[in-house]
Amino acid sequence: MSPTSATSQPFDIRSWIEVDPSGRAACPACLQDGKYRQKNLSIDLSTGAYKCWRGCTPDQIRAALNAPQRNQNFSSVTRSIPQRTTPAPKPQPRTVSAEQVRLSHQCLTHQSGEPQKQALDWLIARGFTRETIDHYKLGLEPKWITSDSNNPSNRACYWAIALHIPANEPGQFYCKLRVAPWLTGTERPDTLANWSQYGVPTTVFYTHRPEYAEATWFCEGEWDALRLGWLAKQRGAQVAVCC
C-alpha cells in the first residue's frame, strides 16, 4: 500500500505494523515502555480490530505509531514506522521491600480520603472483605500519567490498587497496579491504561499454596485467584491456587 492510499483510508493497524499469521504483534506502545520481546497485541486478521493485552489504549498505540488519533484528519499525518536496528536491553525487574508493602497497605486501610474510599468500595463490590485485603496486603499507590509526550511536565496523578507479588529474592515483591478501576465511561481518559506492570516479569503468582497440595487451580486473572485462594484457605482445602 502506498503512503498516499494509507492516509486516505480509515485507520487499519494491519497497514502500520507487522502481524504474524496467528494475528499477534508487538504492541507499539509497549515497545516504548520496554516490552521488546512480547507480542501483546492481538489483531483480528479479517476485520483489523485490535487489543493490547497489557492494557495499552488505542490512543496510546496510535501515538506510538505517529498515526492519527480517532478525531484527527488522516491527510494531516505522515506515516512513520519506527525501525529498530539492534535489540534493546531487557528491562530489569523492579521490586519493593516488605516495608514499602506495609506502607502501601497502610495507605489503603489506615488513611481517610477520597482515593482510599473509592478503592475500598471497589474491592468490596468485587467480593473482598477487610480480612482478605489485610491477608494479601493490598495497597494504594499514586500513578503519574503524562498524556502529552511533548510536554512531560503536564502530568496527572491517578490512584491505583497495588498487588504485591512475592519475588525470588526473600523480602522483595513485584508491584502490579490496577489503575483507578472505579473510573468508567467518560470519567476515564482514553490515555489511561487499566494496568501498570512495568518491571514485573512473567511469573506464577500463588494466592494459596499448602505444603501438601493435591492439585493446582490456575486462574486467568489476579482478582479471581485472590478470592479463590482466600476461600481455599478458609476451608482448609489442599489445593494450590495461582495465576
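The model is predicted, so local features need pLDDT of at least 70 and side-chain atom pairs pLDDT 80 or more, while totals for chains, interfaces and linings use all residues. Residues are numbered from 1 along each chain as its sequence is written, and side-chain values use heavy atoms, with hydrogens and water left out.

Let's start with the rings. Searching the whole structure gives 3 aromatic pairs, where Phe, Tyr or Trp rings (six-membered for Trp) have centres within 6.5 Å; planes under 30 degrees apart are stacked, over 60 edge-to-face, and the rest tilted. F128 and W223 have ring centres 5.7 Å apart and planes at 80°, so they are edge-to-face. F128 lies in the loop between helix 5 (114-125) and helix 6 (130-135), and W223, 95 residues apart from it, is in helix 7 (residues 222-235); helices here are DSSP runs of H or I, at least four residues, numbered from the N terminus. F128 is buried at 2% relative accessible area, and W223 is buried at 6%; buried means under 20%, with a 1.4 Å probe and protein chains only.

Zooming out, ring pairs join W122, F128, W195 and W223 into a cluster. W195 also has the charged end of R178 over its ring, 5.8 Å from the centre; that calls for Lys NZ or Arg CZ within 6 Å of the ring centre and within 35 degrees of the ring normal. Likewise, R209 places its charged end over the ring of Y206, 4.0 Å from the centre.

Thanks, everyone!

Notes:
Helices (H or I, at least four residues) and strands (E, at least two) are DSSP runs, numbered from the N terminus. Buried means under 20% relative accessible area, exposed over 50%, partly exposed in between (1.4 Å probe, protein chains only).
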